[in-house]
Amino acid sequence: MRTMIFYEIKKTVSRTGGRIALGLLLFTLAVSCFLAVRVYYVNEEGAREYGYSAVQKLRAAQKEWAGVLDEERLQAAFQENIRIRHSPEALSEDITENEIAFGRLQGIYEIRSLINESYAEGFRSYDYYLADRLTSVNAADFYQNRVRLLREWLETDAKDQFTEAEKAWLIRRYEELDTPFFYDYVKGWRRAMEYFPTLVMLAVMILGYLVAGIFSCEYQSKAEAVFFASAYGRSRAVSAKVKAGLLTVTGIYWALAGCYSAFVLAFLGADGASCPVQADRGGWKCFYHLTMGQAYVLVLLGGYLGCLFLSGLTMLVSAKTRSSVAAVMVPFGAVFLPSFLSFIQHPLMNHILVLLPNRLLDMGTTLGYFYLYPVGGQLHGAVPLLLILYTALSLVLYPMQYVEYRRLSKK
Amino acid sequence: MLLEVTELTKAFRDTMAVDHISCTLGNGVYGLLGVNGAGKTTFMRMLCTLLLPDSGAIRWEGSDIFSMGGAYRKLLGYLPQDFGYYPDFTIQDYLLYIASIKGLRPAYAKKHAEQLLQQVGLWDIRKQKMKKLSGGMKRRAGIAQAMLNDPQILILDEPTAGLDPRERIRFRNLISEIADKRLVLLSTHIVSDIEYIAGEILLMKDGKLTLTGTTQELTASMPEQVWRCTVQREQLDHYLQHYQVSNIRNTADGVELRILSASCPMAEAVPEPATLEDVFLYHFGEKAGADHDIL
C-alpha cells in the first residue's frame, strides 16, 4: 500500500504543473511571512525601525503594560495617553515631533484602542481619537460598557435582526466573559491570524489543482485499462488514491501552516497566548470565549478542514467526471462564488453564506460574525457548526470517492 | 488451465459488437484476426473484466471471472490497444507502480522489473521518462508491464499497431519468447504478425468468430484456389473487377497477380498454395483492403 501511495503522490508532484504549483506555494509562503512580520517601531528620534530589533523594542514597550487590565491599569494607561497627547511633541506641527510622541504611545497603544472600543458612542462605531478627547474615564465602566453597547445595539439598529432569545443569548455570552482579563503583548498572534487567510486561500486552490488529477489522470493518459485490469485496480489502488489525496492535503497544509506559524511567532513572539481574544481590539466584540492561542489553533484547524473538504470535493468531482478541468473549478468556485452571492442582501442568505466552506479558510473573521443558528434546541454561533458540519461532510466525501471511482471500473 | 467463453454478447446501442461468441482457450498463442471494428477490442476488454457482457459467460477453471474479481486479475496481463502511461514517470517508476497495483511485493517487483527491462531491451534507458520514448519503446514498456505478474493469461490488443517493420519483428520474437506455459491472446488486423507465432487463429467478423484453427487448417478450409498469373497492364482493371486479387506486383513482362478463384482465371495461371493472407482476403473481401497496413 505504501508503494502505491508513494507513486500516487509522485504522479501528482512530478508533473511540470505540479512543480510550478508547489513553487508558487513556497513563494506565497515567503511573501506571507515577510508581510506578517513587517512591524515597525518608532524610536526616540521619531524614526521608524524595522526588523527583529524593532519587534523586540515594541514588545518590550507593550510588555511594560502587561498584567490584569483592572481599573488601576486602565486609569494609568488613560492618564499616560493624556500626558503624551498633551506633550509639546504631540502638539507640535512638525511631523517628526509628532512621531516622537507616537513612539511614546506604543506601549499603551493597544489598551488605548480598547478604550476607544469601550467608550465608543455606539456598538458599531469606532473613533480613533476618542481616547484623546476624553477628559476622564470611569474605569469601572470599562467592561460593563461592552455589554451596554451590545444591549443598546440590539434594541435599536439590530432589533429586527435577532429574535428575543438570540438577543438574550448574546447578552448572556457577553456577561459571561471573565473580567478583568489579562492583557499582554499579542502582536505575534494577531499578525499570524491576519495574514494566514491569504496564504490558505491560495493553498486551497493549489491543493485543488494538485489533487484534481489523482482520479482523472488514468483517463487523461488512457492508463485506466491497465489500472482497472490489475489485481488491486479496484480495491487497494483506489484506496491508495484516496489516501494519497488525504496525505497530500494534510502534509502540504501542515508543512505550510507549521512553517508560517513557527516563523511568524518566533519573529514576533508568542506572548499573550492565554489572553482572551477580547484583549485585542480586533476581538473586543467577539462573543466566543477563547484565548489568543486557542483562536489561532481554531484558525489553523479551520484552514485545514477547509482544505480537506474542498480538496475532497475536488477529488470526488475528478472521480465522477474523469476531468481535472471540471474538478479544479471546485476550489475556485468555493472561494469566489460567495463574494458574488453576498450581493444578495437577505438575512437567510447571510446566514447561509457564513456556513459556506470558504468561511473555514478565514476563521479569524468568522469568529467576529454575529450569526446565530438554533440547533438541537440551543443557539450556536457559526464557528462550532462549521467545524462539525465540514468534519462530517469530509468523513463522507472521502469514502464516496472510493465508491465512485470503483463504479467506473465496470461499464 | 482453460478459459471458456460461452455465448458471449455485447451490444452498444444498435451495434452488436460481440455476437454470441463461444470458444475455449488453453495454453498457447492465439491470434485474434479481424478488420477494424470486428469486435476484437470489445471481446478482449470483456476478457479483462473491463466490460460487462450483456449475456453469456467467461469462466476460468470453471469459475466466473467477474465473480473472481481480483483473484482473476492476479492471473492477468493486459496490453491495451490504446496503451496509456504516466508521462512524467521514468520507465522504472512506471513498472514499479504497476507492480504495486498488481500486488507484487516491492523487493520482488524491483528484481522482476529489472529482468523484464533487460528482456525487452529498455534497461539502459530505464531512467528515461515515458513521454520521451519512441512508439516502439513504449510498446516494449507496455509488454513489460503486462508481464510483471508473470500472468497465466496474457492479452495483447493490437500490440504492433504503429510500429515500424523492424520493431514488429522484434515484438513478434519477444512474444514468442514469453509465450511459454501461458495463454496468450493477441489481436491484430496485420496477418503477418500472427502467421508465424500463433498456434491457433480466431477469425472475427462482425462480432462473430467465423473460423478457428491453425494456419494450415484455415488455408485448407478455403474453398477457392490461389492462382499466380502475369497480365498486361491494360488488363489489370478487368481482373481487379472480376476476381479477388490478394497481391499485385509489377514485373518486366507486365503485372503479376495473385488471384483467389474457384476456376482458373486464364490459361497461363499457375496454382499456388494458399497463405493466411489469402484466407483473410477471402473472408473479409472488400473490408480487408480498407486498411492499408492490413496484410
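Predicted model: local features only at pLDDT ≥ 70, side-chain atom pairs only at ≥ 80, totals over all residues.
I108(A) touches W65(A), A77(A), E80(A) and N81(A), leaving aside residues up to four places away in sequence, where contact means that the C-beta atoms, placed from the backbone, lie within 7 Å. Residues are numbered from 1 along each chain as its sequence is written, and chains are lettered from A and ligands numbered from 1 in the order in which they are written.

I108(A) sits in the loop between α6 (95-105) and α7 (109-118) of chain A, helices being DSSP runs of H or I with at least four residues, and strands runs of E with at least two, numbered from the N terminus. I108(A) is buried, because 24 other C-beta atoms lie within 10 Å; the cut-offs are 20 or more for buried, 12 or fewer for exposed, and partly exposed in between. Between I108(A) and A66(A) there are 9.6 Å in space, C-alpha to C-alpha, although they are 42 residues apart in sequence.

Turning to helix α1(A), its buried residues, among them M4(A), I5(A) and Y7(A), pack against α2 (16-36), α11 (187-220) and α13 (236-268) of chain A, together with α4 (91-101) of chain B.

Finally, strands β5 (372-375) and β6 (378-381) of chain A pair in the antiparallel sense over four bridges, pairing requiring at least two bridges found by DSSP. P374(A) has L379(A) as its bridge partner in β6(A), and G376(A), in this hairpin with two residues between the strands, takes a positive phi near 60 degrees.

Note on methods
Contact = placed C-beta atoms within 7 Å.
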